[in-house]
Amino acid sequence: MADSTAGKKKEGIWETVKTIFWALVIAGVFRTLFFQPFWIPSGSMKDTLLIGDFLFVNKMAYGYSQYSCPFSMCPISGRILGSEPERGDVVVFRHPTRGVDFIKRVVGLPGDEIQMKGGRLWINGEETGRERVEDFTEIKEQQGPQGLIPRCVNDPVPEGGDCIKERYTETLPNGVSHSILNITEGWVADDTATFTVPEGQYFFMGDNRDNSEDSRFPQEVGGLGFVPAEFLIGRADRIMFSSAGRSLLYFWTWRGDRFFKAVE
């Protein structure tokens, strides 16, 4: 009787181990082929994406590369089943030199000429449309697990005060419109040389224009530079959950109005 009980116990443990193993395999396949979770750690994409937004990245949008697998383990050269991102897409990609995942907006496609003049975006010699809308206002306080403090047009702002940023609607040449923010005039990347995007690469910018490390900063000086297609991971389509607090346990800081919100 004792042997029978011990045998059943061992069999039960083994079944549990197998269940966990296959659950991990299925989760890994799902994450590799379909959707990857991504947590917004910084304010470079405000107000489109806020610190604490949680989303699933659509990995089917652009096909697959070695960076589609956890730890970049996919045995893929270049991209397979690939399709091109569209101007205005919000994309998660692997930083070409740092090996970490970034999220920015595609503004430059292969062959495009990109330049910033006085804080305005020019594409192929044409200034993009920009319309002033209602200011973006947030509380001047520590945000997210890193305790980041937002910059404001109206600085100095005391802790707990209203932090204001100028907000505009920018319209790209293909008709895609999205929100951008401005904090200060004459910022270091408000005026740039003309960048010609190489074949098979893309030019990315953050919507929070004065608080974004993006393709305006070349890799030679520690910036992002152009991003080759093989580093694209997927498109951000929808925010699933959002928390304004420094911990998910702070349920009173959850942003219910951002749950299941489309990324525009």
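**First stop: a cysteine pair**

Select cysteine 163, which counts as buried because its relative accessibility is 0% (buried means under 20% relative accessible area, exposed over 50%, partly exposed in between, with a 1.4 Å probe and protein chains only). This is a predicted model, in which local features need pLDDT of at least 70 and side-chain atom pairs count only at pLDDT 80 or more, while totals for chains, interfaces and linings use all residues. Residues are numbered from 1 along each chain as its sequence is written, and side-chain values use heavy atoms, with hydrogens and water left out.

Cysteine 152 and cysteine 163 form a disulfide with their sulfur atoms 2.1 Å apart (a disulfide is a pair of cysteine sulfur atoms within 2.5 Å). Cysteine 152 sits in the loop between strand 8 and strand 9, and cysteine 163 in strand 9, so the pair ties together parts that are eleven residues apart in sequence. The link of cysteine 152 and cysteine 163 is left-handed, with -110° about the S-S bond. The structure holds one disulfide.

Select residues 129-139, strand 8, and residues 162-171, strand 9; they run antiparallel and are joined by nine bridges. Strands here are DSSP runs (E, at least two residues), numbered from the N terminus, and two of them pair if DSSP finds at least two bridges between them. Isoleucine 139 stands opposite aspartate 162 in strand 9.

Next, select residues 177-182, which are strand 10. Strand 9 and strand 10 pair in the antiparallel sense over six bridges, and threonine 169 stands opposite serine 179 in strand 10.

A search of the whole structure finds two cavities of 30 Å³ or more. On a 1 Å grid over the protein atoms alone, a cavity is a set of points where a 1.4 Å probe fits but cannot get out; a pocket is an open set with protein on both sides within 12 Å along at least five of seven lines; lining residues have an atom within 4 Å of a point. Grid points are joined across faces, edges and corners, and a volume is the space filled by probe spheres set on the points.

The largest cavity holds about 50 Å³ of space. To show its lining, select Met116, Gly119, Arg130, Tyr168, Ile180, Leu181, Asn182, Asp190, Arg209 and Asp210. Strand 10 gives the largest share of that lining, three residues.

For the second largest cavity, of about 30 Å³, select Gly118, Gly119, Arg130, Asn182, Glu185 and Asp190.

The largest pocket has a volume of about 400 Å³. Of its 25 lining residues, Ser42, Gly43, Ser44, Lys104 and Asn211 lie nearest its centre. Strand 4, residues 101-108, gives the largest share of the lining, four residues.

**Last stop: aromatic rings**

The count comes to 13 aromatic pairs (rings of Phe, Tyr and Trp, its six-membered ring, pair if their centres lie within 6.5 Å; planes under 30 degrees apart count as stacked, over 60 as edge-to-face and the rest as tilted). Select phenylalanine 93 and phenylalanine 102, a tilted pair with 6.2 Å centre to centre and 50° between the planes. Phenylalanine 93 counts as buried at 0% relative accessibility, and phenylalanine 102 counts as buried at 16%. Finally, select Trp39, Phe54 and Phe56, which form one aromatic cluster.
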